[in-house]
Amino acid sequence: MRTETDDIIQSSDEHPGELPESLAPDEHPTVLPPEFAVNKRRGQWAEVWRRLRKNRTAMFGLAVVLLIVFTAIFADVIAPYSYRTQNLDRIAEAPGRDHLLGTDDLGRDILSRIIFGARVSLQVGFIAVSISIVLGGTLGAIAGYYGGRIDNVIMRIMDVLLAIPSILLAIAIVSAFGGGIVNVMIAVGISYIPVYARIVKASFISIKEQEFIEAARAVGARDGRIIVRHILPNSLAPIIVQGTLGVATAILSAAGLSFIGLGIQPPTPEWGAMLSSGRHLIRSAWHVATFPGLAIMLTIFALNLLGDGLRDALDPRLKQ
Amino acid sequence: MAERLLEIENLRVEYHTDDGVVTAVDNLKLHLNKGQTLGLVGETGAGKTTTALSIMRLVPAPPGRIVSGTVRFRDEDLLKKRIDDIKKIRGNKISMIFQDPMTSLNPVLTIGFQIEEAVMLHQGLDRKAARRRAAEMLRLVGIPAEREGDYPHEFSGGMRQRVGIAMALSCNPELLIADEPTTALDVTIQAQVLELMKRLREQFSTSMLLITHDLGVVAEVCDHVAIMYAGTIVEYADVTTLFTNPRHPYTRGLFGSIPSLDEEVTRLKPITGLMPDPTALPSGCRFHPRCPMAGEICSSRIPQVTELDNDHSVHCMIYEGLVPGYEE
Amino acid sequence: MQNLLEVRNLRKDFHTKKGLLQAVNDITFDVRRGETLGIVGESGCGKSTTGRAVLRLVEPTSGEIRFDGQDILAYSARKMREARKDMQIIFQDPFASLNPRLSISQIIAEPFDVYRMYGPGERAQRVLELMRTVGLSNKLVNAFPHELDGGRRQRVGVARALALNPKFIVCDEPVSALDVSIQAQILNLIQDLQQKLDLTYMFISHDLSVVKHISNRVAVMYLGKIVELTTSRKIFTNPLHPYTQALLSAIPLPKVGAEKRRRIILEGDVPSPINPPTGCIFCGRCPFVMVKCRETPPPIVEAEPDHFVSCYLL
């Protein structure tokens with residue numbers, strides 16, 4: 001094999017005129033160019049990042065999301081008080097110098113609880129979405145790639161799941177298995193499986209028909225390789241967009257569950273639960289319910305801005 | 001002397017993109033006489049379609065922008081007209097046939113209705129007269145009248161192009177711009193459509209600007225040819241002169257690249273190199289990096305037009321006597 | 001053995017919502033070692049399906065395919081995978097046939113990954129060799145497909161097809177998506193590679209001029225059948241099937257003032273391959289149609305040496 005290819009190379013030099021000058025191969029290097037080893041997919045993702053950076057609202061969303069993530073990670077350092085220390089002398093105190101956002105009905109510092117609450121909300125959001133993406137994505141990939149009867153069975157089950165409003169489904173799961181952060185994540189995660197299954201299936205079907213998949217099959221690639229190397233990287237864009245928006249939805253669902261008392265149990269600070277516990281004080285102490293509500297709103301808003309921006313940046317058709 | 005119908009001068013169109021400014025058409029000069037068919041030939045990115053869209057004032061803006069130039073249609077500069085006046089000309093005095101007629105037909109309306117609408121709008125006919133006109137046009141292009149109630153998707157590719165032609169001719173335009181009208185069609189269907197276009201052109205004495213990359217189609221249909229490369233016209237002549245005596249190295253290269261059906265050629269003589277990057281066009285003559293005849297001056301000086309005999313013009317340093325030419 | 005590929009009574013049906021689509025309808029042909037067999041026809045004639053069926057990229061409904069004397073339809077999936085090293089394909093659309101997320105070197109090296117060939121260093125060398133062979137500058141090794149023009153992308157596609165040193169390559173409309181000047185470069189490349197690497201080609205195209213230029217023999221297909229098969233010279237000088245004659249006369253020649261050709265303009269559209277006409281498949285559009293044409297399909301006969309036609313006129 002070696003000698004044969006060496007022949008090709010030598011003989012190709014016999015007709016120097018046949019290759020266009022700009023394409024004529026360079027001197028055959030004895031040492032490989034250093035960039036050969038670094039085989040990063042910089043091209044496409046760098047392009048996406050460049051386009052995203054131009055989108056101001058998306059960058060604002062990203063900044064806010066990063067700020068919240070940062071807050072959640074360093075909650076211990078940032079929060080002025082513990083989230084569980086009660087001070088029954090200072091119940092439902094209005095925002096002031098000691099407590100920037102006031103205190104709740106048990107005299108706990110609302111700012112600290114919101115900061116620690118970011119941890120819970122982000123955890124619930126990201127883990128629930130990961131559950132939906134992994135399970136929904138796998139089911140969607142199988143359905144999209146193999147089609148036929150498997151597709152039918154999977155997608156009918158998804159239809160059934162989709163027919164039940166996701167919040168109802170989550171309520172049912174949580175009330176059957178109990179509240180708590182883990183069950184909430186699982187419940188929210190399961191209820192959004194069909195969304196990802198559909199997205200992944202749709203993009204698998206369209207990518208599967210493309211010629212480069214047939215090209216991979218022609219060189220003998222097996223199904224697993226085709227799925228992981230060729231289809232999956234090309235179907236990431238809609239998953240990323242939906243995932244970003246999905247984190248927002250999941251946080252909202254978890255907050256909703258906690259609000260009706262089925263979600264995360266006290267004293268764990270959760271924005272939805274905080275909102276709920278402040279609701280009966282809304283006339284006398286507006287801040288108890290308002291600030292957790294604003295935290296939820298800001299997070300959802302930022303995630304949505306980011307998701308929309310990503311959608312635009314990832315869509316090559318919008319490139320001018 | 002024949003009457004000028006269309007005269008384009010110094011046209012420059014740019015597209016402002018993420019990757020930089022693309023000069024799609026630059027310093028373009030072109031004319032079309034009444035009753036003639038002019039073939040505008042070039043490869044992808046040569047600026048053929050942009051030229052056509054400029055005439056119709058349909059260059060998408062943004063990112064596109066007509067920077068300068070004049071497009072004189074009869075005695076009026078179309079680039080100076082108000083857009084409302086242009087709309088009266090579009091589809092009426094100048095109409096267009098597209099490569100894929102589906103893009104110009106509304107999928108939820110019947111084809112008969114769409115032709116009727118066009119003639120009612122532009123010709124001021126009432127519904128009854130418009131219906132008669134639509135039926136007549138469809139018959140002319142070989143579509144039975146009973147199909148006027150059908151929707152665009154119910155027609156095959158060739159039939160759809162016939163509908164496109166019927167629609168374009170329904171208002172009796174003075175100028176017809178056909179942008180690659182047969183490229184998407186199979187060769188036996190292409191023969192039908194070309195035959196139809198030739199017949200109708202004579203019947204209606206319409207002038208036509210035919211945009212194509214296929215020199216075979218040009219030989220079949222056109223009286224005059226303009227060869228376009230990287231946004232400018234490099235050679236212009238009547239069809240016989242251009243095919244028997246091509247002068248510009250690019251035109252010659254095109255002929256050398258086409259596999260011949262009736263001659264035994266074992267090896268093609270392609271033009272070397274790639275189409276230039278539209279955001280960074282070569283200096284001087286745009287063709288010089290690919291030109292086998294290029295001399296030193298070609299990379300620095302923009303070639304001027306040289307008028308050869310009988311309406312044959314070429315933009316090349318060879319004919320300005322600045323670079324040694326072909327040995328003949 | 002003279003024939004590298006022998007195809008007998010190949011059929012491929014697709015079950016569609018509108019009915020049974022006979023994409024390839026009982027065709028028989030050989031591809032001789034070292035030759036280029038051209039397959040020409042209009043859209044929907046089954047030429048691409050034929051190309052994919054002989055590689056088992058679509059599974060034939062029935063028939064026999066012998067490659068190098070071996071019946072490849074009897075091969076297990078594993079054996080077929082090994083056989084793919086010898087039979088490759090170049091695709092039509094250089095934009096769709098390269099994975100946009102992979103770099104040029106990753107695309108060309110894909111076959112090495114699949115068959116676990118070469119260590120990392122040797123693999124990189126081999127990729128650069130292949131890029132040289134097809135005339136790609138090795139500066140492009142880390143480029144992505146979207147950074148390349150159509151001509152260079154098609155060169156990448158050619159390099160990938162050559163990676164495993166195949167004996168046989170199906171070229172499925174490899175130049176149809178390219179501009180004339182680039183098309184000529186790729187046609188020359190394909191011709192040169194054939195000589196240097198002793199390749200056998202099946203060259204599929206709708207463009208009779210291109211097929212005639214590059215092929216030794218040409219098969220003309222219509223509605224899933226081969227209507228005429230002969231040398232590329234005879235297909236032009238002595239076309240015998242009315243469809244071939246019409247196809248030839250329909251091509252606009254880039255010439256002026258030449259003797260006026262007799263033009264045969266066919267009426268109507270190509271009928272759908274679902275419910276093709278009984279009798280001769282061309283009877284609906286044939287200017288010379290006779291009663292028996294509508295009843296029974298004409299057999300393929302050898303009208304003169306090496307010239308096969310399926311028509312009652314002979």
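The model is predicted: local features need pLDDT of at least 70, side-chain atom pairs count only at pLDDT 80 or more, and totals for chains, interfaces and linings use all residues. Residues are numbered from 1 along each chain as its sequence is written, while chains are lettered from A and ligands numbered from 1 in the order in which they are written.

**Chain C overall**
- Chain C holds 9 helices and 12 strands. Helices (H or I, at least four residues) and strands (E, at least two) are DSSP runs, numbered from the N terminus.
- Along the principal axes, the C-alpha atoms of chain C fill a box of roughly 70 × 55 × 40 Å.
- Of the 314 residues in chain C, 54% are buried (20 or more other C-beta atoms within 10 Å of the residue's own, C-beta atoms being placed from the backbone).
- Among contacts in chain C with a separation of 6 or more, 64% link residues 24 or more positions apart. A contact means C-beta atoms, placed from the backbone, within 7 Å.

**Contact between chains C and B**
- Chain C gives 33 residues and chain B gives 39 residues.
- On the chain C side, helix H6 (180–197), helix H7 (208–214) and helix H9 (242–250) each give two or more residues.
- H6(C) supplies the largest share of that side, 7 residues.

**Sheet in chain B**
- An open sheet of 4 strands runs in the order S2-S1-S4-S5, with antiparallel pairing. Two strands pair if DSSP finds at least two bridges between them.
- Strand S2 (20–33) and strand S5 (76–77) of chain B stand at the edges with a single partner strand each, so one side of each has no neighbour in the sheet.
- Strand S4 (residues 64–73) of chain B is joined to S5(B) by 2 bridges. Phe73(B) has Glu76(B) in S5(B) as its bridge partner.

**Nonpolar core**
- The largest nonpolar core has 270 residues. Such a core is a set of buried Ala, Val, Leu, Ile, Met, Phe, Trp, Tyr and Cys residues joined through C-beta atoms within 7 Å.
- Val188(A), Leu209(B), Ile108(C), Ala159(C) and Val220(C) touch the most other members.
- Helix H5 (residues 110–146) of chain A gives the largest share of this core, 16 residues.
- Not counting residues up to four places away in sequence, Ile108(C) touches residues including Val127(C), Leu130(C), Ala159(C) and Arg160(C).

Conventions:
Two residues are in contact if their C-beta atoms, placed from the backbone, lie within 7 Å. A residue is buried if 20 or more other C-beta atoms lie within 10 Å of its own, exposed if 12 or fewer, and partly exposed in between; C-beta atoms are placed from the backbone.
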